[in-house]
Every structure is written in C-alpha cells, then in structure tokens.
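Hi everyone, thanks for coming.

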Amino acid sequence: MLFLIASCGEESAFASDETNDELAVQPDPHFIAELERQVSAIPPASQTNEEKCAFYQSRGVANFRLGRYPAAIADLTQAEASIGYWQTNTAPCSRDIIRDALISAYEESGDFVADIEYLKRTLDKLSASDLTRHLFIDTGLAHAQLDLGRLPEANASLESAKGLLLRLRHSSRIVTLEASAAIHGVDARLQMTEGNYRAGVELARQEVDIRREILHAQSELYVPNSEAALEGRRYVAIAEARLAYALISTGKLGEAGHFARLSYVEVATLSGFGSNRTVSALKLLAIIRLREGHIKQAEQLFDRALQAADRAKIVPYSLGLAELRAWKGLVLNMQGRWAKSAEIFRQRDTGMRESEEQFSRFGARHSEWALALLNLGKSAQAEGMLRHQITGAERLPRPDPADIAVFRGYLGNTLSAQGKSEAALAQYRLALPELVKPWRYGGGDDGKDAAIGYVQQYKLRVIVEGYLELLARMARSGETPAGIDVAGETFGLADTVRNGLVQRAITASTARTSLPNSQLAGLARREQDAANRAQSLGSLLERVSLMPNKQTDDATINALEREVRLAQEQQAALAKEITARFPTYAELVAPRATAISDVRRLLRPDEAVVAFFVGARQTYVWTLEGDTSRFRAIPISRERLLQQVESLRHSVDLSDGTLKRFDVAAAQQLYSSLLAPDGALWATARTLIVIPDGPLAQIPLGLLLTGRDGDVTDGSQGIDANRPWLIKRVAISEFSSANVLLALRTASTKAAERRPFLGFGDPVFAAQPPAGERTTRGLSVRDLVVAPAAADTDTAPASARPSGVPLVEAFSHLPPLPDTGEELRDIARSTGADLQRDLFLGVRATVGNVKAAELSRYRVVAFATHSLAPGEVTGLDEPALAMSNPALVSDPGSNGFLSIDDILSLTLDADWVVLSACNTGKHDDENGESASGLERAFFYAGARGILVSNWAVETVSARLLTTTLFRNQAADHRMSRAQALRQAMLEVMRTPGEKYGHPAFWAAFSLVGDGRD
C-alpha cells in the first residue's frame, strides 16, 4: 500500500490558514466617499432642464450604486422627465445611462411590475430602426417577466431579442458583444428556471466570458472610472453571481464559490460595504459555505451580511433581512448555540412587527426558533409556535409537504420532551415518510434552495434523533405500542440518515456523468431533467405565490401549477421505468431503507453486524447475529465520542515524524461501552461487519482494546504486540450503510476467469517537485522520534480548510510519490501479475489509461496516488484521485484527476479496489461525504471490497502489510478478504526487530465492503 508521510498528513497539500478571504475585501474609500457626497447633494434653486437632468442623473446613479433603490428611482425618474425622451444625449446627461440605471433599480428593488410597465413605455417610444435599444429592452423585459413567473412572455421577449441580434451583425464589436451577453444572461436564467441546468451553466459561462471580453475592450476606449467602465464591471459581477447560482444547482460548489468570491470583490469595491448588493453577495457566499458543510465559515459570512444590511439602513421589517436572520439562527442551531439563536429570532420578530400589514401576512414564527426554544427548556412556547406553523402551512393554497413534515418532526421532539409520548409518536408517524424521500440539488437563482441538501440532512437527523430517543425510552419503560419493532424501525431510519451523507456526492455526479449503458443514460438524463424542472418551477411557484397581490395574478400561478404537475408526472413515470429496467442504478441514486430482515438473510453463520448511530445526546447500537437482534441506547454524546476519537487518531498520527503513546484508556472505554455489552452475541463470529456513524467512521475498530490483560512492558513507548486488540479476536469489514451491504451482496456474481492485478501509480505531477517538500514517502520506523509521555494529553491541530488552488496550479502543489511504484511492483509480484502489461506507472498513470483499460478483467485494481477532497482544487467539486499531469504526459481530453464522474462510468469486476492515497478512508465529521462518495462510486462501478487508508502511514510497514495480505490470499484462495487483512495485521504487529506492535503501523488500513472470499 502506497503512502507518503511527508505529503499525506492530517493537513491537505493545499491547506491554508482559517482566514476567510471573502471578508478581507476593502472597497476604494475615495470612490465610496464620492458616492456618499453625491447622494447628500441638494439641487440648486434655479436650473435649466439640462442641469436638472445632470444633477438627478448623478444623484440617482450614486443612490443606485449604494443600493438605495427608492431614492434612486425617484431621482432617475426626475432626470428623465427633465431631459425629455427625444432630446439629444449630452455629456453630463445621458438617456441611456438614466434608462439602464432606472431599469436595474426597479429590478433590484423587487418592483417587477413597475419595471415591465416602464420598459413597455420606453419600447413604445422607440424608433423602429433603433434595433440596439429594442434588443436591450427585450432582454430587460424577459428578466422581469421571469421574476414574475410569466414564462411564455419571457420566452417571447427572448426570441424577439435573438431575432434582433441577427439584424445587428454589422454593428460595432462592442455593441454585438453587449447584445450577445444580454441574451446569454436571459437564456441562462430561463434554462435554469425550466430545469435545464447543464444548458443554464454553459450559457452562464458564456455570458461571463463575453462580459469580460467587453470589459477588456472598454478598457482600451475609456478611462478606468468612466460610466461605461463602471457599468462594465457591474455587469461582470452580475454575470459571475448568476453563474455561481447555476453551478450550485448542479452541485459544483467549489467552482460556485470561486465565481461568488469574484462577484463579491467587485460588488464590494463598486458599492461599498453598506449596500444591498454587498448584502446579497455575502449571502450567496454564506449559502455556498453552508451547503459545503462549513458551518462556522457560513456563520461568519451571514454575520458580515447582517452588518452590511445594518450599514445599508435596510428597514427592520424587510423580508430580505428577516431571511438573513433566519439563516443565522439556523447555523447557530447547527452548532447547538441555542441562546444566541433564540436572540437572533427575537430580533427578527421585533423587526418584522414594525410593518403591521406585512407581519399579519407573513408572521415571524420559524421552526428553527422553536427548536432553539425547545433546547432552552421552553417546550410549551415551542409547541405553540410549531402548531401555529402547521395550521398556517396547511391552509395555504399550495402547502409544501416537506415544510409541514419538518414542523411535525420538530413538534414530535417538543412533545417527547414534555413526556407526551403518544402524541409525539403520532407526529413522527406523519412527518418521517415525507422526510426520508430522496432529494435533489435545488434550482432557482435566489438561494432559497441553494443549501437544501445539507440543511435537509441536518433537519432529518435532528428529527430522527428525537424519534430514536422516544422509542428507546418507551422500550425501557415498557410503553412501546403494539406492532412497533423498535430495533427494526430504528435500524432502517438510522440507515436512511447514513445514506444521506453519501448521496450528496453521488446525486450530483449522476446528474452529469457519462453512464456506460446508453439506454440507461438516456432514461436517467430525461428523469433528471424532469425532476429538475419540477423542482425549479416549484421554487418559482412558491416565490410568486408569496409576492404582494400587485406583483402577480391567478393566471400566472395556475399556469405554473400545471407545469409543475406535468413535470412531476413525467419524472415519476421515468423513475418507475428506471427502477424496473435498471434496479442497480435506481438503488444508487435513491436507496431504500434497509430492514434488519434484509441484512439477516444475507449473513453467513460466522458473521455478525454491529451498526451505530451517534446522536447529540446518546449513541445507539444495533447488534445482529443469526435470528437475534439487540438495540441499545448509550448515554454517550457526540461531543464526548468525538473527543475520544480525536485522541485516538492523534495517538496514531505519524505525520510529524513522532511516534506517540497510544491512548489505552480511550481504546478500552470505547470497547467497553460500544461493543462489550453485546459481545456474547458475536462471540463465535469470525468476521464482524461494522456500520459506523459520525466520529466512529474516523477510526478502525480493530484498534480497540477488549480488556486490560497483556499490559505493556515498555511503558515509555506504548508499543506492544501483546495487547488485547479487537482485531486479534475477529476480522472486521466496514460498510457506510446497511443499504450498501445489501446492494453488494445481491449484485451479480463475478466472472470466473480474471487476471490477478492491475495497478496505477507514481504519477508525474510537475517538472520540478514543490519547494521544501520531501520527494519520497521518506519516513521509516527508524526515523520516528518517540514522543514524551506528555503527548498523551495533546490534541491534534485542526486541519485548515482547503484554499481552493486553481486547477492549473494544482499539480505544482503535489509532491511526487516514487515509493508507490515499488509498492505496486511488490503487490504485482505477490499476486503473479505481468509487470509490463498490468502496471501503469509514471507517465502511463493517466486518466485516459484508466478509462481505456479492461478493468473488468482484473480481481484487484490499485490506485497509488494523492486523493483530493471537494473544493481543494477550484473546479473539483467532488472527491478525486490525482493522476499524471496532462501538461507533461499524453492524456488528451483529461484534466488529470479521476473524479466520481469518471469512476461511475467505469466497469469493474474486482474483489478489491486498493485506494492507496492519503486518508482515503477518513470521514470528515463535519461534512461526512468525501471518502463515502469515492467508496460508493467504486462499488457502483463493480468493486466488492475497497482497501482504504485511515491516516498517513510509515513506509516499510505499509508495504509489508499489503504485500503480506495479497501473498496470503494468493496462497489460499479460500481465505476471505477480511481474514486476509486480519492475518496481515497480526503478522505486521509481530514483526521481529521492529516496533510495529503500535497500531499506527498495523491498523492504518480498513476493508470497506464485502469481506467474504
């Protein structure tokens, strides 16, 4: 197995400090000061019409740039009235500038009806030969019509603009570019609204490129702070934000963050910190961070957005401000900071009450406010709030069943906290069927659905935890209602939550990957498009339904309802066809809840299952063996478990070159609480199948200690093969969920004739290795320094967040891995592979060669390289394996990274896939999906077992373990994969003359997947 301590430590090769780059932008103080001077100016008592126009134009544009839209509209309307439509443009007073600013001010203030009326009046006054202005008014109309949900009218306006563009082909370069960019912007929005996300992203990219080209051309014609140059920069920022929203809808969050940051920098520079535009830009960045699972960074950004809103003097009852405060309360709840969350919601309530009319319509109740109150001991107040929300939501003309399900689930938690078990149970029964439905990435361009995946997963977990607590309490007290199988019902629900952590990566990829079966690919694409259309139009319908009456009408709402129903019916029919014809794919994208009986019937007599679910206050354990099932609730909180796991991980971390004293106490305590009480059930098992959750996914359970016998003789080093490690008692295989176990064991049988081994490794990353980096895996056991006893109390430093290195720079940050080539050769020799035919090393370790290889002809397929987490490289929004740099080798059409998209398109028939990359088995407890995404993708491609690393390891022991593993299996084909790994671990820990008894050496690898032969 191929690991590099120097480059595979806890910190990413791309790590940076925790500073939020997004918060560091400082606008030009002189520019903002000038805008403030202009808006505070008072018109002279006596002016000509031309002077009036110039004054109100200047003040109106300044107000608009500072986000003060009502004042901007008043000033710009006065300016237009002063100049008269047919009067010739003069230098200080321009009809075009006034018109463009007025249209944008109407649009950004949300008065779309006034925007349309103004545009139509302007269009009526245009000369038939004024094609350019006609085109821009058409695109403006299309934007406003889209905002109001008037899709046929928006389509008609867009088609009119496209026809005019054909007639403008002989115009100047900048005019045609501006016209083309305007059309691309509208078309991108329309495609996104229709659910055509791929087309929307491509059009949005093209708009950004064209806007940048325009800006470059304008820089050669105008001085930097001219009106044309400033408008050009503003349009680039708008286009970048539009592209970011489009990318969010396809799950490409890292790239979305890149364009959102660019947009924010420009907006903050042009408009200052205290402007509506800056508020919106910060909100977009915060939503992206939240959807990535970076909760603390999201909180910082929402804080900054609220500060900007305060500086912009946004009215306290603003719905936009209320939404921001609700986002802030949500992220506080996610961190368990209930008092601060309740205070934010109280401020929200106070502000919204300042508009009696608006408050009577929308109110200020919120499910997350109720959750905060519940956790502060105010359950009666929370109950009243949630009951009112349920009643109100059910009375809506178009009630959202997902929202109602959350309200009911939270109400179940509230009633359970008051001891009202039967009433709580009834609410859970109503809520959970809706909540466990598969979800998709949301559409829309307002951010409402942008964080749906991560937030929905959080809410589901909160509700499921409450339900588990209730059932465990009822079981203990003998109150469980007749007909409820507590172990069985809780097992399936916990598995649904575990599956959700994996599905974020997989669902995004299946929406854009190239599936190997052409019939499946066509069906899947049509089903995804229909589902996207239903979701996107549904979001638009919800927004339009909540608009003031003067902004919408029944005909528009009814038309949207018909389109949503049609899309839903199409999606349901296609999903049914896929399930019938391609059940494996259906199970991948929408896994069903797995029952205990499903798992039991697939177990061998010498196997047992232990599954975990880690709640905020309790941990739950299911043990299955033969016909027996046992369910337990343990009073160990998630925080406590995380502390113990972090301590264990720190004590096996070799990345700093020190061998630390193993945390014996934590290893004993975890075994004693998690496994020992049910030890009699699996006492005769030869293989223990483990389904971990949360912090427990970060450690291999084989390093737990089953007792206190065999105390060490060398206390200073804490290294001794005689300890009672769990791996000595039983072989272990691991699954991310019971659903994956079921899918693997019901898959088609493997081919009889296959070659033994295929390996890809030692990729070529850069012509010169990164400065200051070790260029080999380097450290062996003799290099390690034994840490002093005080290390027992150390805690490992938190990994810095990925800095988002640009794709073109990524390879220069990756240290070479020459040891991986030798490791692959050793495994190839052990398995009897052909070293010439079956090894792809150096310049041959390319993405293209992986795709071209006949992978289904091999029993073992190995990848020996670096792995990357989502967002580490801009443009890589999913886990990936680094292959050779296409700039240095022959690999046409590749970016050099083997992504989930690529893996899903492979066809394997492998007993093992060896992911010999940095921390491929480590699960991020905050985000939880990186390793799982890679694992599930390889399982779908045809792997039955995956060998992954849990941390950076020492060179010699890594090679010894993997070559021993495959040599043992080659010698005894009846030996299971789990037993082969166990035997290799035992041999490594007993290696004469070395100090390999420490689990840092022998426990670094886990078998994920089926451990059978």
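I'll go through the disulfide, the strands, the cores, the ring pairs and the salt bridges.

Some housekeeping. This is a predicted model, where local features need pLDDT of at least 70 and side-chain atom pairs count only at pLDDT 80 or more, while totals for chains, interfaces and linings use all residues. Residues are numbered from 1 along each chain as its sequence is written, and side-chain values use heavy atoms, with hydrogens and water left out.

Okay, the disulfide. In general, that's a covalent bond between the sulfur atoms of two cysteines; here the rule is a pair of cysteine sulfur atoms within 2.5 Å. Searching the whole structure turns up one, and it joins Cys53 to Cys93, with 1.6 Å from S to S. The torsion about that S-S bond is about 50 degrees, so the disulfide is right-handed. Cys53 is in helix α2 (residues 49-65) and Cys93 is in the loop between α3 (69-83) and α4 (95-109), so the pair ties together parts that are 40 residues apart in sequence. Helices here are DSSP runs of H or I, at least four residues, and strands are runs of E, at least two, numbered from the N terminus.

Are these two cysteines buried or exposed? Buried means under 20% relative accessible area, exposed means over 50%, and partly exposed is in between, using a 1.4 Å probe and protein chains only. Cys53 comes out buried at 0%, and Cys93 is buried too, at 1%.

Now jump to strand β15, residues 945-949. Five of its five residues are buried, so the strand is largely enclosed by the rest of the structure. Gly945, Leu947 and Ser949 point one way, Ile946 and Val948 the other. What does β15 pair with? Strands pair if DSSP finds at least two bridges between them. Strand β14 (residues 912-916) runs parallel to β15, joined by two bridges, and strand β16 (residues 1005-1009) is antiparallel to β15, over five bridges. Keep an eye on Leu947: its bridge partner in β16 is Leu1007, and Leu947 is also the partner of Val914.

There's also an open sheet of three strands, in the order β11-β12-β13, with antiparallel pairing. β11 (867-868) and β13 (897-899) are at the edges with a single partner strand each, so one side of each has no neighbour in the sheet.

On to the nonpolar cores. A core is a set of buried Ala, Val, Leu, Ile, Met, Phe, Trp, Tyr and Cys residues joined through side-chain atoms within 4.5 Å. The largest has 151 residues, and those with the most contacts inside it include Trp622, Phe760 and Phe938. Helix α21 (residues 452-477) gives the most to this core, 13 residues. A second, separate core has 73 residues, among them Ala862 and Leu965.

Next, aromatic rings. Rings of Phe, Tyr and Trp (its six-membered ring) pair if their centres lie within 6.5 Å; planes under 30 degrees apart count as stacked, over 60 as edge-to-face, and the rest as tilted. That rule gives 19 aromatic pairs. Tyr620 and Phe631 are a stacked pair, with 6.0 Å centre to centre and 10 degrees between the planes. Tyr620 lies in strand β2 (residues 619-625) and Phe631 in strand β3 (residues 628-634), so the pair ties together parts eleven residues apart in sequence. Tyr620 and Phe631 are both buried. Ring pairs also link them with Phe491, Phe613 and Trp622 into a cluster.

Last up, salt bridges. The rule is a side-chain nitrogen of Lys or Arg within 4 Å of a carboxyl oxygen of Asp or Glu, and the count comes to 49. Arg37 and Glu34 make one, at 2.5 Å from N to O. They are three residues apart in helix α1 (residues 29-39), so about one helical turn separates them.

Then there's Glu823 with Arg959, whose closest N and O atoms are 3.3 Å apart. That pair links distant parts of the chain, Glu823 in helix α32 and Arg959 in helix α36 (residues 955-971), 136 residues apart. Glu823 is buried at 0%, whereas Arg959 is partly exposed at 24%. Salt bridges that share partners join Glu822, Glu823, Arg825, Asp826, Arg829 and Arg959 into one network.
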